[in-house]
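Colleague: I'd like to learn how to read a model like this one. Could you walk me through it?

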Amino acid sequence: AKPNIAFIGLGNMGAPMAENLLKAGYSLSVYDLSEAATQRLQQAGASVADSPKDAASNAQVIISMLPAGKHVHSVYLGENGLLAELPKGTLVIDSSTIAAADATVVAEAASNLGIDFLDAPVSGGTGGAVAGSLTFIVGGSAHAFAKAEPILAVMGKNIFHAGDHGAGQVAKICNNMLLGILMAGTAEAINLGVKNGLDPKVLSDIMLQSSGRNWTLEVYNPYPQVMENVPSSNGYQGGFMSKLMQKDLNLAMQTAQDTKVETPMGAKATELYEAHTVENGDKDFSSIMGRHDSSVLS
Ligand code: NAD
């Protein structure tokens with residue numbers, strides 16, 4: 001029989017992930033601070049809870065998709081923290097992108113209570129969340145990974161076991177540091193072409209078939225109206241907020257500093273996003289295009 005699932009955090013990513021679980025026949029109890037977020041899931045067939053504890057009361061599996069480490073800490077270990085309420089043997093899957101050290105703290109507290117915790121951050125963007133084609137990058141025990149795999153396979157296509165607690169988060173921030181560099185670089189290249197008379201779509205098509213090809217050109221072009229159904233063609237709404245990219249770049253920089261690893265390109269991308277988020281934190285991260293060409297933001 002399918003386990004009952006409690007899903008906490010129904011934002012740009014969590015909502016479509018939870019909807020895919022419902023479509024696959026899982027019964028879901030959901031919680032989010034935002035009523036608009038829970039209403040969407042209620043319409044899709046979930047039951048809406050008043051608190052994380054309420055959501056978890058009849059669940060064997062908990063999944064969370066929250067903005068940052070402080071939210072994860074608060075939900076699991078804060079006042080009325082969820083861990084203390086869960087029966088032994090519950091499986092907790094946190095798919096938020098947070099510091100590996102924060103994930104390890106929650107994992108150890110869970111382990112002391114006989115609860116399995118996995119860090120399972122994702123890649124693939126909101127498009128991947130809707131399509132159920134996310135990449136899951138999992139840290140934790142082999143036993144917990146085996147329990148989680150069929151559930152993650154409903155929301156994702158590639159499920160990786162990166163290693164022990166925190167390993168999923170380390171792999172994820174390496175990926176997102178590279179993504180930040182690629183997005184900033186792609187925006188810079190398109191701008192150079194446009195300012196020299198090229199059509200952004202023509203230039204993008206050329207680079208897509210040339211050695212500058214990368215994920216941002218393939219599925220997430222930062223210049224408005226080059227692609228349909230991407231944030232840049234929708235006023236940079238939805239998607240992956242710049243402030244969340246900045247969070248991830250900061251996590252990468254902190255890790256690099258702690259382990260004395262040089263990341264000069266990552267440092268530059270962090271600097272660019274830091275300046276950009278002052279005014280554009282809630283816009284999708286491809287809005288870094290506007291740093292070069294402010295007309296795209298209006
Ligand atoms: P989001 O801000 O759209 O959604 C977060 C949701 O969590 C919101 O609905 C918010 O109300 C809710 N929330 C916050 N605190 C809460 C609490 N204490 N209890 C219950 N709900 C709470 O963010 P998102 O884009 O869905 O991203 C979630 C995580 O996934 C982040 O860590 C992000 O870095 C990561 N991520 C995002 C993307 C993307 O493309 N958007 C891709 C991969 C990974």
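This is a predicted model: local features need pLDDT of at least 70, side-chain atom pairs count only at pLDDT 80 or more; totals for chains, interfaces and linings use all residues.

Colleague: How many helices and strands does the protein chain have?

Modeller: Helices (H or I, at least four residues) and strands (E, at least two) are DSSP runs, numbered from the N terminus. Here the protein chain has 12 helices and nine strands. Its radius of gyration is 20 Å, close to the 19 Å from the globule rule for 298 residues, so the chain is as compact as a globular protein of that length. That radius is taken over C-alpha atoms, and the rule is 2.2 Å times the number of residues to the power 0.38. Along the principal axes, the C-alpha atoms fill a box of roughly 65 × 45 × 35 Å.

Colleague: What percentage of the residues in the protein chain are buried?

Modeller: Burial is a neighbour count: a residue is buried if 20 or more other C-beta atoms lie within 10 Å of its own, exposed if 12 or fewer, and partly exposed in between, with C-beta atoms placed from the backbone. By that count, buried residues make up 50% of the 298 residues in the protein chain.
Contacts are a related idea: two residues are in contact if their C-beta atoms, placed from the backbone, lie within 7 Å. Among contacts between residues at least 6 apart in sequence, 64% join residues at least 24 apart.

Colleague: At what angle do the axes of H8 and H12 cross?

Modeller: Axes are lines fitted to C-alpha atoms, for helices over the stretch in contact, and angles run from 0 to 180 degrees between N-to-C directions. The axes of helix H8 (residues 167-195) and helix H12 (residues 264-280) cross at roughly 65° and come within 9 Å. That makes H8 roughly perpendicular to H12. The classes are: under 35 degrees roughly parallel, over 145 roughly antiparallel, 65 to 115 roughly perpendicular, and the rest oblique.
Met177, Gly180, Ile181 and Ala184 of H8 make the contact with Met265, Gly266, Ala269, Leu272 and Tyr273 of H12. By class, this contact has seven nonpolar, two polar and no charged residues. Here Ala, Val, Leu, Ile, Met, Phe, Trp, Tyr, Cys and Pro count as nonpolar, Asp, Glu, Lys and Arg as charged, and the others, Gly among them, as polar.

Colleague: And how does H8 meet H9?

Modeller: The axes of H8 and helix H9 (residues 200-208) come within 9 Å and cross at roughly 130°. That makes H8 oblique to H9. Ala189, Ile190, Gly193 and Val194 in H8 meet Pro200, Leu203, Ser204 and Met207 in H9. This contact has six nonpolar, two polar and no charged residues.

Colleague: Which residues other than glycine have a positive phi?

Modeller: Most residues other than glycine have a negative phi. Asn80 has a phi near 55°, a positive value, and lies in the loop between helix H4 (69-77) and strand E5 (91-94). Gln225 has a phi near 70°, and is found in the loop between helix H10 (215-219) and helix H11 (242-258).

Colleague: Are Asn80 and Gln225 buried or exposed?

Modeller: Asn80 counts as exposed, with 11 C-beta neighbours inside 10 Å. Gln225 has 12 such neighbours and also counts as exposed.

Colleague: What does Ala6 touch?

Modeller: Ala6 lies in strand E1 (residues 5-8) and is buried, with 28 other C-beta atoms within 10 Å. Not counting residues up to four places away in sequence, Ala6 touches Ser29, Ala55, Ala56, Ala59 and Ile62.

How values were computed:
Residues are numbered from 1 along each chain as its sequence is written.
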